Amino acid sequence: MRLFRYMLSALFLSTFPSLSAAQDVDFTLGGQVRPRYEYRSPFLFPEGDGDSFVSMRTRANVGASLEGNVGVFIQIQDVRVWGEESSTLGDFGANNLDLHQGYVDLKTEEEGKFLGRFGRQEVNFGGQRLIGAVGWTQQGRSFDGIRLASEGKAGKIDVLVAQLRSSVAPDVDEDGEFLGGYGTLAASETQSVDGYWLYNHLDDDEDNPADTQTDQHTLGVRWVGKASDFVYRAEGSFQTGKRGGTDVSAFMLGARLGYVFANGKADVTLWYDYLSGDDDLTDEETKVFDTLFATNHKFYGFADVFLSIPLHTSGRGLQDLSIKGTWKPTGMWRFLLHFHSFHMASKGDEPDGHFGEEIDIVGVWKHSKHVDVSVGFSYIWQADGLAGVGRLNEDMSWVYVMLDVKF
């Protein structure tokens, strides 16, 4: 691994000799290769035969620390499915290659730290309930924008301004922006309170912007704490404004209570989430909660039946009652066992508001500092509610095996 790092450094510096001559520049190099095998049955929603594939993420990044507390970070990634190119000899393009992150940092290190980050960047706010990088997906998520952050003893505040779409760009007909402020107050050594305001705007139709325009505000509070061996979290969000030209009045409530035992090697957590739905999807107000840019894979089952909400619940909302356990018998092994029971938040005219149950089992082996191997299995006992929203007409099983190498 060191030999590879030295070779990569030599290649980079030989390509940019002016940088190699700079005495006040410190470089850091890194990367990731992550192939993942998946088998899913049915392979396509809502029904069908089982099938499998292998996807792979490859990332390479370089960081530079410049004088005056200036930093630069560039991360390139390639995401592909094995076999999608019938012959690499005939590939004269780089269709799967993209800039995942590329930004400049301007910062201060003294008390009351300040950071200004400009460019394409990953953003994770809180527990990634509404804003997250979705690291599980091979492509991940990043934003083009500006992030300003200030941190002190009392807490931290982040402000994000991101451009989602621009009508001056090729093949883009609309404008879209996302603004947000996220603050964390350190109430005590074991408790913190977050408050946030998020605003997303989209003009879908230049001829009739009022009919399809989105001007949606999300306001919320998140409380996280620990008492002895208990850990807990409570969160609530409210959405208002316009979404697709329709008035919005929606909310989300979530709570968890966990207990850590076996000298920190195991824990068990009770979990409940309520995302509001709509009984009448044809009236002039939507009551369906939108999870915005969340990392939903963390919350609503690893099989990703509810990866995009409200789309995957057809506007009926979601209730998730679950119990989750973790066991770390050694520093090399970690096991997860999750059980979910899913229900609609608003049944409307659906005959059955029960979506079904899901069990997730994951084992992770840490081969070394840089290498993880994980194996996972999920099974969904489909109920009539999943068929009613066109999501799943039969039970589903999913298996994955993933090798994750980072340096």
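**A walk through a predicted model**

Not counting residues up to four places away in sequence, Ile157 touches Leu148, Ala149, Ser150, Tyr182 and Gly183, where contact means heavy atoms within 4.5 Å. Ile157 is part of strand 7 (residues 155-165); strands (E, at least two residues) are DSSP runs, numbered from the N terminus. Its relative accessibility is 47%, so Ile157 counts as partly exposed. On this scale, buried means under 20% relative accessible area, exposed means over 50%, and partly exposed lies in between (1.4 Å probe, protein chains only). Ile157 and Phe114 are 43 residues apart in sequence, and their C-alpha atoms are 9.8 Å apart in space.

The model is predicted: local features need pLDDT of at least 70, side-chain atom pairs count only at pLDDT 80 or more, and totals for chains, interfaces and linings use all residues. Residues are numbered from 1 along each chain as its sequence is written, and side-chain values use heavy atoms, with hydrogens and water left out.

Next come the charged side chains. The count is 17 salt bridges, a salt bridge being a side-chain nitrogen of Lys or Arg within 4 Å of a carboxyl oxygen of Asp or Glu. In one of them, the side chains of Asp105 and Arg117 meet at 2.7 Å, N to O. This pair links distant parts of the chain, with Asp105 in strand 4 (residues 97-108) and Arg117 in strand 5 (residues 113-121), twelve residues apart. Both Asp105 and Arg117 are buried.

Glu235 and Arg222 also form a salt bridge, at 3.8 Å, N to O. Glu235 lies in strand 11 (residues 230-243) and Arg222 in strand 10 (residues 214-227), so this pair ties together parts that are 13 residues apart in sequence. Glu235 has a relative accessible area of 6% and is therefore buried; Arg222, with 15%, is buried too. These two residues belong to a network of salt bridges that links Arg129, Asp194, Arg222, Glu235 and Asp273.

In the salt bridge between Asp349 and Arg316, the closest N and O atoms are 3.0 Å apart. Asp349 lies in the loop between strand 16 (333-343) and strand 17 (354-366), and Arg316 in the loop between strand 14 and strand 15, 33 residues apart. Asp349 counts as exposed because its relative accessibility is 63%, whereas Arg316, at 5%, counts as buried.

The loop between strand 14 (285-286) and strand 15 (318-330) also holds Asp304. Asp304 is buried yet has no salt bridge; Arg40, the nearest side chain of opposite charge, is 5.2 Å away. Here Lys and Arg count as positive and Asp and Glu as negative, while His and the chain ends are not counted. Leaving aside neighbours within four places in sequence, Asp304 is in contact with Trp136, His297 and Arg391.

Ala262 lies in the loop between strand 12 (246-261) and strand 13 (266-275), and Leu292 in the loop between strand 14 and strand 15. Ala262 counts as partly exposed because its relative accessibility is 41%; Leu292, at 14%, counts as buried.

The bond from Phe45 to Pro46 is cis, with omega near 5°, and Pro46 is found in the loop between strand 1 (26-41) and strand 2 (51-66). The bond from Ile309 to Pro310 is cis, with omega near 25°, and Pro310 is found in the loop between strand 14 and strand 15.

Notes
Helices (H or I, at least four residues) and strands (E, at least two) are DSSP runs, numbered from the N terminus.
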